[in-house]
Amino acid sequence: MGSLLKGSLGTLALMAASEVLYKLYMYWRQSRARENESKQSDGNDITEVFFFPDKEIACKTHFLSDTRCFKDNCKYSHGKTSLSELYRYLSSCRKTMDVCVFVMTSEDLVGIVLSMHQRGVIVRVITDDEQETISGSRVWALRKAGINVRTDHSSTYMHHKFVLVDGKLIINGSFNWTRTAIIGNQENVIVTNHQKIVSAFHSEFEKLWQQFDPSSVYDTELTKRNREESESCGDFEKI
Ligand SMILES: [Zn+2]
């Protein structure tokens, strides 16, 4: 009986040990994959295209935290997806992040921007003024954290969906930062460090940043009102 018990305990211990070894092996393998990917990112030429929808939402903990996620029953994906690749490129940011995205309701994607800001990355955000206040919008969280957010003040849309990472990498496509875009819609995203393309987006961001400066919007409106007033005075004189 004693030897049977010892045998069972031994088997259990062996199973537990092999489980631990397996998890350590997986951790090592994923770390190696991550290192290789970051080496590729440091290379001279990055041009990638990603398509959505993903079948499952990528596990943010697994792809972004140092501790990773080893939950067997995790409801999110631990496999590589288009979103996990976006996580990787966004989180590679070290100095500046310029976000110009029409709709931002994804807590996970906005969370990356917030964590970059907390790490000292200089973050600027441009979004659409009407989308800022829709149900589920996370723009308030960006503003609350002290991130500089500017919006268009027009009846048309600020419809861009791009991010400049460290002024060197552009992430651009049809992809809004929403759950529907991740697992519902057909979307495309191009990631490239092609200098001419990055430079064009950089200029566009700077142009819009100036254009949507609240003080310049005020100036523009004031100028417009003054012009209208002077024109109406002119009309009056004509009469
Ligand atoms: Zn997970």
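Which residue caps the N-terminal end of α3? The points below begin with that helix.

1. T81 caps the N-terminal end of α3, a side-chain oxygen of T81 lying 3.3 Å from the backbone nitrogen of L83. Helices (H or I, at least four residues) and strands (E, at least two) are DSSP runs numbered from the N terminus. The helix α3 is mostly covered, with 10 of its 10 residues buried; among them are S82, E85, Y87 and R88. Buried means under 20% relative accessible area, exposed over 50%, and partly exposed in between (1.4 Å probe, protein chains only).

2. The model is predicted: local features need pLDDT of at least 70, side-chain atom pairs count only at pLDDT 80 or more, and totals for chains, interfaces and linings use all residues. Residues are numbered from 1 along each chain as its sequence is written, and side-chain values use heavy atoms, with hydrogens and water left out.

3. The protein chain has 8 helices and 7 strands. Of its 239 residues, 38% are buried. Among contacts (heavy atoms within 4.5 Å) with a separation of 6 or more, 72% join residues 24 or more positions apart.

4. The zinc ion is coordinated by C59 (SG), C69 (SG), C74 (SG) and H78 (NE2), at 2.1 to 2.4 Å. Donors are N, O and S atoms within 2.8 Å of the metal (3.2 Å for Na, K and Ca); water is not among the atoms, so sites may look incomplete. Along the chain the donors follow the spacing C-x9-C-x4-C-x3-H. C59 lies in the loop between β1 (47–52) and α2 (60–64), and H78 in the loop between α2 and α3 (82–91), 19 residues apart. C59 is buried, at a relative accessible area of 3%, whereas H78 is partly exposed, at 27%.

5. Why is the arrangement around the zinc ion tetrahedral? The 4 donor atoms subtend angles of 98 to 117°, and therefore the arrangement is tetrahedral. Four donors count as tetrahedral if all angles lie between 85 and 135 degrees.

6. The largest nonpolar core has 40 residues, and M97 and W177 have the most contacts inside it. Such a core is a set of buried Ala, Val, Leu, Ile, Met, Phe, Trp, Tyr and Cys residues joined through side-chain atoms within 4.5 Å. Helix α4 (residues 107–118) supplies the largest share of this core, 6 residues. Leaving out residues up to four places away in sequence, W177 touches residues including L90, V101, L109 and V163. Another core, of 12 residues, lies apart from the largest one, and I126, M158, F162 and L208 are among its members.

7. T127 is found in strand β3 (residues 122–127) and is buried, with a relative accessible area of 0%. A polar atom of the T127 side chain lies 3.0 Å from the backbone oxygen of F102. Beyond four places in sequence, the contacts of T127 include V101, E132, R150, D152 and M158.

8. E204 is placed in helix α7 (residues 195–211). The side chain of E204 makes a polar contact with the side chain of H160 (3.0 Å). A polar contact is a pair of N or O atoms within 3.5 Å; within protein, one must be able to donate a hydrogen and the other to accept it, and residues adjacent in sequence count only if both atoms are side-chain atoms. E204 and C100 are 104 residues apart in sequence and 9.8 Å apart in space, C-alpha to C-alpha.

Note on methods:
Tetrahedral: all angles 85-135°; square planar, octahedral: opposite > 155°, others 65-115°.
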